[in-house]
Amino acid sequence: MPLSHRKLTYRSPAAVLLFFLILLIARLAMGGVAVNAQTASPTPAPVPSPQVTDVTRPTPAPAPSPKVVAIDGHLELDTIVGVEVEHFSEWAATHDPTKLVPFINGRAVRGNYPEEIHPDRNRLHFHLEIKPQNKELWTDLLGAPRGLRHPVTFTVGLESESPFDSVFNQSQTLPLTVISPVYGVVGLIVVLFTLVLFLWLARTTNLIREPGPAVPGKLRAYNLGRTQMAFWFFLVYVSYTVIWLITDSLDTITPSLLGLMGISAGTALGEALIDSGKDKASSSQLQDLIAEKQSLEQGIPEFQSQVSAINAKATLTPDDTANRDSLNRQLQDSRTRLAQLTQQLQTIKPPSTEGNSQGLLRDILRDGSGYSFHRFQIFAWTLVLGIIFVSSVYNNLSMPEFSTTLLGLMGISSGTYIGFKFPEQK
């Protein structure tokens, strides 16, 4: 038997137990090393997944856009309107609300910033008014009116950016008041009253007619200068009232318009002075001729009675004959002069129809010798400038600014008329 077998056979139980403990410890040690080696060995890198975290993570919601949802009041120049803007408080937290302006028909009313701002209530208040920055816009909105109101779109926004969304778009417009109905009715009544009163006085009195007494039951002819002055007065009067009703502006009369009215008034005044001089000269001459005629009419019977007394004598002395012949010559001369005066008075004193009205156009285009070009010239220029004046007021809501050249042309036309007025027959 081998020696080793013999040693193993004669071992004690304690030795066997110790052997197994050593073997167990060794196996445990070997297992721990394997485990540690497995743990320390490099593991393969994980393949990155395609942004799993970004897909599953919730993104922040965008800030809500402001939107105009309501308006308190009505759109009219020189009024205050309250605007309710949805999500206005969120927008105002990151923007400057003092730079907001109204947008009407998609155009910014520049310079018309809020009077009051209430972000906590989502409200703004605007005072709609004309300023130098937005005058052209208001002219486009209110000029050439077709009624007291017309529909427009409305919103608010920053001047240099796109405006907010609004419920008042093309499908739901707002009425923009051009003329306040109350003030419009009052203004219309005043203008119509004065116009009707003027027309009645012009037809029934000498308000714009030639001065002087008229034939009973007849009216004097219309005077060109006074008619032109009345024409410009009513154009300016009505235009001033209309512009005030629409824009609430008071300083609308231009310097050139004052010059034009001055030319018109100067024409009427010069014409009146010339006519007055003619009337005085004619009246003085007429009085002298009438006085001479009356003197002759009184002297002729005396001459006749003296001649009759001489002829009644039974015998005539040479002195009586000479005296009778002298009286006869004076009587004949008086009768001849009386006939001349009677004929001259008929030419100076107007006949019953002279100076009577033949209608407005005939009266202002004709003088004593018929139709005259200098009258037609001033009539034509007045008519053309009147049309330009009305067009400017209707489309631009302003009275036109006539150039100095045009005013000079009107002055030349009026001066020509005044110059021809001196030899003109009445």
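Biologist: At what angle do the axes of H7 and helix H11 cross?

Modeller: This is a predicted model, to begin with. In it, the axes of H7 and H11 (residues 373-396) cross at roughly 0° and come within 11 Å. Angles under 35 degrees count as roughly parallel, so H7 is roughly parallel to H11.

Biologist: Which residues make the contact?

Modeller: On the H7 side, Leu224, Gln228, Phe231, Trp232, Leu235, Val236, Ser239 and Ile243. H11 contributes Arg375, Ile378, Thr382, Leu385, Gly386, Phe389, Val390 and Val393.

Biologist: Switching to charges. How many salt bridges are there?

Modeller: The count comes to 5. One of them joins Asp72 and Arg123, with the closest N and O atoms 2.4 Å apart. That pair links distant parts of the chain, 51 residues apart: Asp72 is in strand E1 (residues 67-72) and Arg123 in strand E7 (residues 123-127).

Biologist: And is Arg123 buried or exposed?

Modeller: Arg123 has a relative accessible area of 14%, so it is buried. Asp72 is at 40% and therefore counts as partly exposed.

Biologist: What about Glu297, which residue does it form a salt bridge with?

Modeller: Lys293, with the closest N and O atoms 4.0 Å apart. Both residues lie in helix H8 (residues 255-311), 4 residues apart, about one turn of the helix. Glu297 is partly exposed at 39% relative accessibility, and Lys293 is partly exposed at 22%.

Biologist: Now the surface. Which residues form the nonpolar patch?

Modeller: Val182, Tyr183, Val186, Val190, Trp244 and Leu250, with about 590 Å² of accessible area together. Helix H6 (residues 181-204) gives the most, with 4 residues.

Biologist: Where is Trp244 placed, then?

Modeller: In helix H7 (residues 224-247), the helix whose axis comes within 11 Å of that of H11. Trp244 counts as partly exposed because its relative accessibility is 32%.

Conventions: Residues numbered from 1 in each chain as written. Predicted model: local features only at pLDDT ≥ 70, side-chain atom pairs only at ≥ 80, totals over all residues. Heavy atoms only, no water. Patch = residues over 30% accessible without salt bridge, like charges linked within 9 Å, V, L, I, M, F, W, Y side chains within 5 Å. Areas by Shrake-Rupley, 256 points an atom, 1.4 Å probe, with all protein chains shown as cover. Salt bridge = Lys/Arg side-chain N within 4 Å of Asp/Glu carboxyl O. Helix = DSSP H or I, 4+ residues; strand = E, 2+ residues; numbered from the N terminus. Buried < 20%, exposed > 50% of the residue type's maximum accessible area, 1.4 Å probe, protein only. Axes fitted to C-alpha atoms, helices over the stretch in contact; angles between N-to-C directions. Parallel < 35°, antiparallel > 145°, perpendicular 65-115°, else oblique. Contact = heavy atoms within 4.5 Å.
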